[in-house]
Amino acid sequence: FFVALTLAAHGGWVLASRILPPWRSILAGAAPLAIALIPIPFIVQRYGGGYGWIGSITPLGMWNALSDLGGGALLALLSLAIIGVAAWLWRRDARMWLVLATFAVPILLTVGVSFVKPLLLARYLVISLPPLAVLIGLAVGRLRPWPTQAAVAAVLAATLVLALPSAYTDIHGQDWRSLGAWMAPQVERDDRILMRGWGRRSVDYYLQRAGQRRLPYGISRRAALAREPRSRIWVITKVGPRLAEDTTVSLLSDRYEITEVRTFGTKVVAFLLTPRIPVTTTAFWYDPAASMPPAERDGARTDL
């Protein structure tokens with residue numbers, strides 16, 4: 001959906017500059033876009049309500065999102081400074097304003113919409129990174145003399161290296177790899193898995209990476225509560241263990257017992273629930289009337 005913001009930036013530039021591309025170029029760009037739009041209604045139907053978990057926009061949240069997008073606070077500030085240099089050096093070239101709009105318009109529109117419907121996340125704005133790289137390249141490429149150009153390029157490269165570790169830090173604490181390695185050797189044929197859709201693809205991927213080809217079938221909480229316990233259930237949640245026990249696991253506690261509990265990272269908790277074995281008792285009693293002659297049996301049973 002955020003790709004549409006890039007198209008909006010291009011459309012706005014065309015209207016402002018009145019530079020209309022040749023019709024063949026428009027057709028060449030529009031045809032693959034039209035094909036790509038075909039599955040959008042199905043995607044909306046299945047995932048359209050998946051943004052309710054994003055928090056309301058705040059000044060700190062805005063800064064954190066833009067900082068994450070830029071690779072850290074230092075790199076983001078350096079990039080903005082270089083963008084200012086590029087805009088000044090190429091200010092008479094209309095193409096500069098196209099690239100600048102492609103970078104800035106998606107960010108500004110997302111921030112504006114987020115005051116009504118929160119959508120501001122760094123990963124959604126990844127569409128702004130290619131024009132950001134182009135803007136930095138335009139600025140550095142025009143710097144003179146060459147020692148200045150080399151110095152700015154060296155500072156930029158060093159800042160990129162310093163920002164690299166943060167790009168591989170899992171800020172959500174979701175260690176799906178270890179979860180898959182733990183589950184894989186234990187998964188049985190009739191096992192079920194109960195979890196929200198946010199992590200199922202990750203679980204399946206790392207189960208297969210760990211060598212488990214038989215993936216457990218999904219089951220909803222309603223179905224798990226309605227059916228008789230016939231198989232084990234893996235309950236995987238992103239909240240803490242205590243809260244998980246108070247909700248899904250506690251509701252199933254009458255029929256299932258917790259065999260194992262593991263935490264992977266800081267926010268992924270996995271429970272293995274095993275059906276409780278029902279205890280059946282058979283009552284035996286002695287019927288004195290059974291050994292009596294038929295003539296006496298009815299009267300004896302009436303007395304009993």
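Me: Buried means under 20% relative accessible area, exposed over 50%, and partly exposed in between (1.4 Å probe, protein chains only). This is a predicted model, in which local features need pLDDT of at least 70 and side-chain atom pairs count only at pLDDT 80 or more, while totals for chains, interfaces and linings use all residues. Residues are numbered from 1 along each chain as its sequence is written, and side-chain values use heavy atoms, with hydrogens and water left out. Is Ser128 buried or exposed, and what is its relative accessible area?

Reply: Ser128 sits in the loop between helix H6 (94-114) and helix H7 (129-142); helices (H or I, at least four residues) and strands (E, at least two) are DSSP runs, numbered from the N terminus. Leaving out residues up to four places away in sequence, Ser128 touches Thr102, Phe103, Pro106 and Ile107, where contact means heavy atoms within 4.5 Å. Ser128 counts as buried because its relative accessible area is 1%.

Me: How many residues of strand E3 (residues 233-237) are buried?

Reply: Ile233, Val235 and Thr237 point to one side of E3, and Trp234 and Ile236 to the other, and all are buried. E3 is therefore largely enclosed by the rest of the structure, with a buried count of 5 of the 5.

Me: Which residue of E5 is the bridge partner of Trp234?

Reply: Two strands pair if DSSP finds at least two bridges between them. Strand E1 (residues 192-194) runs parallel to E3, joined by 3 bridges, and Ile193 stands opposite Trp234. Strand E5 (residues 268-275) pairs with E3 in the antiparallel sense over 5 bridges. There, the partner of Trp234 is Leu272.

Me: At what angle do H7 and H8 pack?

Reply: Two packed helices are described by the angle between their axes and the distance between the axes. Ile136, Val140, Gly141 and Arg142 of H7 meet Gln149, Val152, Ala153 and Leu156 of H8. Axes are lines fitted to C-alpha atoms, for helices over the stretch in contact, with angles from 0 to 180 degrees between N-to-C directions. The axes of H7 and H8 are 8 Å apart, and the angle is about 150°.
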